[in-house]
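The stops below concern aromatic rings and the charges placed over them.

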Amino acid sequence: MTVSLRLGPLLRHVDPTSATVWVETDAPCRARILVDGREAASAPTFTVHGHHYAVCELTGLQPGSRLPYEVLLDDTPVWPEPDSPLPPSVVRTPAPDAPTRLLYGSCHTPTGDSPEGLVRHGPDMLRATARRLAREPVEDNLLLLLIGDQVYADEVQEPMRELLRRVREEDPADGAPDDEVVRYDEYAELYRQAWSDPQVRWLLSTVPTLMVFDDHDIRDDWNTSAAWRRAMDALPWWRTRITSGLGAYWVYQHLGNLSPADRDADPVWARIRDRGSDAGDVLDAFAWRAHDEPSSYRWSHRVDAGSVRVLVTDTRCGRALGGQEGPERSILGPDGHAWLDAHLTGGHEHVVVASTVPVLLPPAVQHLEAWNEAVCEGAWGGWARGPAERVRQALDLEHWGAFQHSFRRLGEGVRALCGGERGPAPSTVLFLSGDVHFSYLARTDGAEGDLPAGSPGGAAPAPDERRTRVAQLVSSPLCNQLPLPLRRSARLSASWPFTAAGRVLTWLARVPRPWLRWRLDGPPYFGNTIGEVVFDGPDAEAVWYHCPEAGQDVLPHVYRRVAV
């Protein structure tokens, strides 16, 4: 029987001497990676709930390598596909002295060639980026960060919706909704549909990619509050959903984030890889524990790309939700904060904190979230807690501003980093985010005298004195544009009257003043975008690409380019 490639290849973690290639197949086999006609790596598949995967590790590579590769399953060539108009897929290892480019984005709804999908969701920026990169040489260290909502488990499109209707007729799955995925098989199909478009598939095969979940990878507003979690835990189908969602995320997204050494040290990987039979029960037990005991597993991960340190944070699964559940409310949880503090260190030219939800929102929204958290915690008395919780869930008030303990702790770490207390200060500290379905740049204006003089808004430094620039960059969505009524609300949130009203609310709720002042640099943009940051020496340049017109073959254009 001939084995076929069901999904992939995906080029995942890459460092100067190694690279990871992930594939899904339709039967057990040995996956082989060929470079220059010779086998560079191979691995047997492992099986989870009847699905078969392989992780191939290319080691002993040279920094700055550019290696076209092929994929064989046993002895059958399966990649590149015959007659593909796209260039060969290439393994690129970072060169120590080359500039680094980070592409980033979130919120991707696959539309394929559907005219209805194009009208409703807008041009697909992953597909557009593939078309751009297929036409231009890539000389820099290039990395793609997919920071949340890689799949929409709770807002599925056709034909996934039709498949779920048929499945639910045969087995209702404890009353699960017929327009949301619940089981592992359904998640596997959801990922296949999200990443099977030929252009998206080529992009993910040739650009090293890091990923992290946001809420829709599991469910909208995942872990907003203790009340939200109690309501979900009471649903009879939720245990299957959270187990399947986290398990599928580990297989399809997280496993490839790890370096070969980190993967070998991962106890889940060792048990699944060495099982010798279907390891679905192992994955299910792990996923439920990761949900039930967030400290049992760390989803955050780090990569150093040239002179850039990238810290990809888990702002969802590891949350501490307060109430009677244990630690103080925290968007990272105590272990997540400890991990971030340990890696938020100097000695790098640039430090990037990838957070799916923005750290610095438009100030009016930030004030609203801080006020709401305080009222939910009793700042206005017990009578106001219930209404405030309903407002929190109705308006999705669950970003960093709604976790003031975390917001202040991150601020303390950034202040120490910028002040040289954690080693030589970087040139920039950048927060890269998505989630909100509009794109913007927020620049810091100073921090109550805490950031070094010469930071934006502070005193001018001496010509030879190095100062750190701190900014928030948001690029969202990749393909899921915001409806017009919500665009109007977002514009209002950036206006000064709403900002002033927010300040009054936080004062009335006795919320401490924020650790940092910031402002939006220009109005938000509501079309689909993919962001890019180019790091070259101490300089950083932010670029946003969009497609100004519809069309399946339209190339992306620069919407905005600005020095950070």
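Start by selecting R239 and W288: R239 lies over the face of W288, 4.0 Å from the ring centre. A charge counts as over a ring if NZ of Lys or CZ of Arg is within 6 Å of the ring centre and within 35 degrees of the ring normal.

Before moving on, note that this is a predicted model, in which local features need pLDDT of at least 70, side-chain atom pairs count only at pLDDT 80 or more, and totals for chains, interfaces and linings use all residues. Residues are numbered from 1 along each chain as its sequence is written, and side-chain values use heavy atoms, leaving out hydrogens and water.

Next select R132 and Y545. R132 sits over the face of Y545, at 4.0 Å from the ring centre.

Now turn to ring pairs. Searching the whole structure gives 22 aromatic pairs. Rings of Phe, Tyr and Trp (its six-membered ring) pair if their centres lie within 6.5 Å; planes under 30 degrees apart are stacked, over 60 edge-to-face, and the rest tilted.

Select W22 and Y252. Their pair is tilted, with 5.4 Å centre to centre and 50° between the planes. W22 belongs to strand β2 (residues 18-25) and Y252 to helix α7 (residues 238-254), so the pair ties together parts 230 residues apart in sequence. Both W22 and Y252 are buried (under 20% relative accessible area, 1.4 Å probe, protein chains only).

Finally, select W22, F46, Y53, Y191, W195, Y252 and W269, which form one aromatic cluster.

Methods:
Helices (H or I, at least four residues) and strands (E, at least two) are DSSP runs, numbered from the N terminus. Buried means under 20% relative accessible area, exposed over 50%, partly exposed in between (1.4 Å probe, protein chains only).
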